Amino acid sequence: MQVPFLFADIASDLGKVASDTAQRFGLAWPQFIAQCLSFLIVTGALYRLAYKPVLAVLEERRKKIAEGLANAEQMKQELAKAQAKAEEILSAANAQAGKMLEEARAAAARVQESETQKAIAAANNIVATTRQALEAERVRMFTELRREVGRLVVNTTAKVTGKVLTPVDQQRLTEEANRYLAA
């Protein structure tokens, strides 16, 4: 119950100080009102011409950053899918190579004894060819993966930074991504 009386005393003291100050220095109401109106006009103009545009620019940048982060996450998911697909292709190639190897061994077992040496040579040739083809496929897929990662890095960097990358910048980012993949 003491708090309302305390506020009443403070308000009364502030009123006395304001009234004493007005009497001591003189208060010209027309000029005071004109200054208040000028202050309100300047405040309104600053709000409309400075504060609102700055807020709009900040909001637009926040949206671009959020879009860039979403795009980066999407690129990350696409990269994971591409890596999974590459592993799947390699597994299928390994399975196919194993199947081909087994077929070559079965064919060699059915060949007459006199042609056993020829069949073994043919089977070894098939194995070597399959391994070379598998290695070539693995190298091709890894090279394709490097190019794709480089492209994704360049696109993501361009979107996140919001600037158009020069061909030199694109080449440098691609090389850095490829160096990272090779490590």
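**A helical protein and its helix H3**

Of the 183 residues in this protein, 12% count as buried. The model is predicted, and the values discussed here are computed from it. The accessible surface of the protein amounts to about 14800 Å², and carbon and sulfur atoms contribute 62% of that surface.

In secondary structure, the protein contains 4 helices and 0 strands. Followed along the sequence, these elements give the pattern α-α-α-α. Among the contacts in the protein with a separation of 6 or more, 70% are accounted for by residues 24 or more positions apart.

Helix H3 covers residues 116-161. Several positions of H3 are buried: Ala119, Ala123, Val127, Thr130, Met141, Leu145, Val149, Gly150, Leu152, Val154 and Thr156.

One of these buried positions, Thr130, may be considered individually. Threonine 130 is found in helix H3. Its relative accessible area is 11%; because buried means under 20% relative accessible area, threonine 130 falls in the buried class. Which residues does threonine 130 touch, not counting residues up to four places away in sequence? With those residues set aside, threonine 130 touches Ala97 and Met100.

Notes. Residues are numbered from 1 along each chain as its sequence is written. This is a predicted model: local features need pLDDT of at least 70, side-chain atom pairs count only at pLDDT 80 or more; totals for chains, interfaces and linings use all residues. Side-chain values use heavy atoms; hydrogens and water are left out. Helices (H or I, at least four residues) and strands (E, at least two) are DSSP runs, numbered from the N terminus. Buried means under 20% relative accessible area, exposed over 50%, partly exposed in between (1.4 Å probe, protein chains only). Contact means heavy atoms within 4.5 Å. Accessible areas come from the Shrake-Rupley method with a 1.4 Å probe; for residues, only the protein chains shown count as cover.
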